[in-house]
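Below are my notes on the model, as numbered points. Please read them with the coordinates open.

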Amino acid sequence: MVLFAFIQRDVVTGYGWLTQQQLLDAIAVGQMTPGPVLSSATFIGYLVAGYSGAVVSTLAVFAPSFVIIALIGPWIPRLRQSSVIQAFLRGVNAGVVALILAVSVALFRSAIVDVWTVLILVVGLVALLRFRIDTLWLVAGGAAAGLIHYLLV
């Protein structure tokens with residue numbers, strides 16, 4: 001989810017390739033599939049540049065992970081025992097949590113815009129926290145509620 005901070009900063013705010021609503025849609029699409037961030041990146045690439053954008057964005061998201069693992073994989077057992085690396089990773093972890101929180105607040109401001117979206121939020125939170133409903137059903141329920149609202153208004 002931390003990638004959404006960079007996507008929002010560059011793709012939405014910096015270049016203006018997507019609107020905030022399109023980013024929210026990309027996140028929703030990603031939540032319905034395995035590997036939500038990767039699926040969202042592919043969807044964003046498609047929105048920006050069609051099929052070629054989808055292919056390039058998918059490769060751009062996957063390739064760095066493979067390269068990094070290939071390069072540092074043999075050293076991982078030694079790195080796990082290093083107190084300096086452990087301290088560094090704790091700092092990175094704190095930074096990631098802060099970025100996820102910042103993106104969540106920004107997305108919250110964009111998504112919760114009226115009474116209807118507040119109602120969807122409350123029902124979704126209750127379903128998630130009380131009944132442990134799967135994310136797929138939360139997204140599908142939110143989509144259905146949005147469609148009902150659209151048809152009634």
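1. Leaving aside neighbours within four places in sequence, Thr 117 is in contact with Ala 111 and Ile 112, where contact means heavy atoms within 4.5 Å. Thr 117 sits in helix α6; helices here are DSSP runs of H or I of at least four residues, strands are runs of E of at least two, and both are numbered from the N terminus. Because its relative accessibility is 18%, Thr 117 counts as buried (buried is under 20% relative accessible area, exposed is over 50% and partly exposed is in between, with a 1.4 Å probe and protein chains only). Gly 142 is 25 residues from Thr 117 along the chain, and 9.0 Å separates their C-alpha atoms.

2. On the basis of these notes: this is a predicted model, in which local features need pLDDT of at least 70 and side-chain atom pairs count only at pLDDT 80 or more, while totals for chains, interfaces and linings use all residues. Residues are numbered from 1 along each chain as its sequence is written, and side-chain values use heavy atoms, with hydrogens and water left out.

3. The overall fold. The protein has seven helices and zero strands, and from the N terminus on its elements run α-α-α-α-α-α-α. Its C-alpha trace spans about 60 × 40 × 25 Å along the principal axes. Of its 153 residues, 20% count as buried. Among contacts with a separation of 6 or more, 47% are between residues 24 or more positions apart.

4. The α1/α2 pair. Two packed helices are described by the angle between their axes and the distance between the axes. Helix α1 (residues 3-14) and helix α2 (residues 20-31) pack at about 145°, with axes 11 Å apart; axes are lines fitted to C-alpha atoms, for helices over the stretch in contact, and angles run from 0 to 180 degrees between N-to-C directions. Phe 4, Ile 7, Gln 8 and Val 12 of α1 meet Gln 20, Leu 23 and Ile 27 of α2. These residues comprise five nonpolar, two polar and no charged (Ala, Val, Leu, Ile, Met, Phe, Trp, Tyr, Cys and Pro count as nonpolar, Asp, Glu, Lys and Arg as charged, and the others, Gly among them, as polar).

5. Which side chain does Gln 8 join by a polar contact? The partner is Gln 20, at 3.0 Å; a polar contact is a pair of N or O atoms within 3.5 Å, where within protein one must be able to donate a hydrogen and the other to accept it, and residues adjacent in sequence count only if both atoms are side-chain atoms. Gln 8 counts as buried because its relative accessibility is 13%. Beyond four places in sequence, Gln 8 also touches residues including Thr 13 and Ala 106.

6. Ser 40 lies in helix α3 (residues 36-72). Its relative accessibility is 0%, so Ser 40 counts as buried. Not counting residues up to four places away, Ser 40 touches Phe 4, Ala 26, Ile 27 and Gly 30.

7. The α6–α7 loop and what follows. Arg 132 lies in the loop between α6 (115-131) and α7, and its phi is near 55°, a positive value in a residue other than glycine. With 65% relative accessibility, Arg 132 therefore counts as exposed. Asp 134 caps the N-terminal end of α7, with a side-chain oxygen 3.2 Å from the backbone nitrogen of Leu 136. Helix α7 (residues 135-152) has 18 residues and reaches 26 Å from first C-alpha to last, close to the 26 Å expected at 1.5 Å a residue; the expected span is 1.5 Å times one less than the number of residues.
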